[in-house]
Amino acid sequence: MDFDMGKRAGDLRRELRDLVRSEVPEHFLGAFTDDPTDLETAQKFCRTLAERNLLCLAWPQEFGGGGASVWEQTVVREEMWAHHEPRGAQYMGVNWVGPIIMRHGTEEQQRTHLPPIAAGEVIWCQGFSEPEAGSDLASLRTFARPADDGSGDWLVSGQKIWTSYATMAQWCFLLARTSRVGEGATRKKQQGLTIFLVPMDDPAITVRPIRTMLGPHHLNEVFFDNLRVTEADVLGTLDQGWSIVQDVMAFERVGIARYARCERLLAAAPTVLGERWESLPAELRGRWVRMLTHCRRARLLAYRVVALQSSGRITPGDASAYRIAVTTLDQDSAEVLNDIAAQVRRSDERAEWFLGEVEDHWRYSQASTVSSGSIEMQRILLSRALLSAGGQR
């Protein structure tokens, strides 16, 4: 279970931490607040990373990346999440939109979309979930019908929900049905689905924010009213979008290194409490140790998935195992940190920092077992993978 991240990993971590200290305000709690300067901080930081060729470090050089190893990109991912993700929404474009376009996009799509992502200049959102198609995504109803004018275009109508970053995004990675079940060769609901790459400034798109305790930008409704899309907007093959969705899920679920932030906050607790740490109940300190162990478990599972992904051997069960570990860690560690925070005295800036971070971590963790695929669905996928592997022995 040892993973060699290469000789540059230590220097890279120090470089990234120095950049965060110099470019990001100390009490920064992410880009998704009511303060517009937080979004600008994130966008500026992304441009700084891009200028240093650190934003898309592991992308091939021909696509604007640094050509580095996946392990160096993992270092970037961990340091960003440990420090409250100062890239803002850019991780979506970096971790999976860009790589998916590399795999499935045309040369024109690659020329159009990859350079702006690599430069930190564009934000993407994901048009997947719908009011009656969340965990059962293949049941979506957003439909693209052929235009009546003989142009070969489609008109997309429908509704998406829980769409993060829709109010700030310039582009949407949109999944829609192009053939109904029972029509032609479409026999299953996973068939007849197509990915479209669409600009969010089209007047046929309406975004309505959903206010939650997570803050603005996280949750939105998106409505499509006869949005015209063309063949050039299709990613991959018409009606074969489900295979791309499976690729997306594998990249997306390992791309969020929440364990790094959990570990940083847990490690900070004894220093913040100082001499009061030894007077904590033994049961609470025992839970704290258990959470650090769970951080290590989630980290190792993430590394295993990164290794499998880089060799092209990843399965849905691999990604689901990691996702289960990291989302339960999110919630369990948040409860432990909350109990520790109750013992913290607001005596200095470090204590204020810790209390603010713990509160934000707890609020975010409440949605972690639902977002990016509910934990129930992850358990189903993992169970299927284990049963399938057992049947092949």
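Which residue does E79 form a salt bridge with, and how far apart are the closest N and O atoms? The partner is R13, and the closest N and O atoms are 2.7 Å apart. Before I go on, a reminder that this is a predicted model.

Let me stay with that pair. E79 sits in helix α3, residues 70-82, and R13 in helix α1, residues 9-23. The two are 66 residues apart, so the pair links distant parts of the chain. Both E79 and R13 are buried. They also belong to a network of salt bridges that links R13, R17, E78, E79, E263 and R299. Over the whole structure, the search finds 31 salt bridges.

Two others are worth a look. In the first, the side chains of R287 and E283 meet, at 3.8 Å from N to O. Both residues lie in helix α8, residues 282-310, and they are four residues apart, about one turn of the helix. Is R287 buried or exposed? R287 counts as buried because its relative accessibility is 18%, and the cut-off is under 20%. E283 counts as exposed because its relative accessibility is 52%, and that class begins over 50%.

E352, at 35% relative accessibility, counts as partly exposed. R346 has a relative accessible area of 60% and is exposed.

Now the domains. The assignment for the chain gives domain 1 as 5-122, domain 2 as 125-241 and domain 3 as 256-391. I will take domain 2 and domain 3. Their centres, taken over C-alpha atoms, are separated by 32 Å. Four residues from domain 2 and seven residues from domain 3 take part in the contact.

How much area do domain 2 and domain 3 bury between them? The figure is about 490 Å², with 70% of it on carbon and sulfur atoms. On the domain 2 side, S135, M213 and L214 supply 90% of the area buried against domain 3, more than any other three residues.

What about charges and polar pairs? Across this interface the rule finds zero salt bridges. By class, the side of domain 2 that touches domain 3 has two nonpolar residues, two polar residues and no charged residues.

That is the end of my part.

Notes
Residues numbered from 1 in each chain as written. Predicted model: local features only at pLDDT ≥ 70, side-chain atom pairs only at ≥ 80, totals over all residues. Heavy atoms only, no water. Domains from an automatic or database assignment. Contact = heavy atoms within 4.5 Å. Buried area = accessible area lost by both parts, 1.4 Å probe. Salt bridge = Lys/Arg side-chain N within 4 Å of Asp/Glu carboxyl O. Nonpolar A, V, L, I, M, F, W, Y, C, P; charged D, E, K, R; others polar. Buried < 20%, exposed > 50% of the residue type's maximum accessible area, 1.4 Å probe, protein only.
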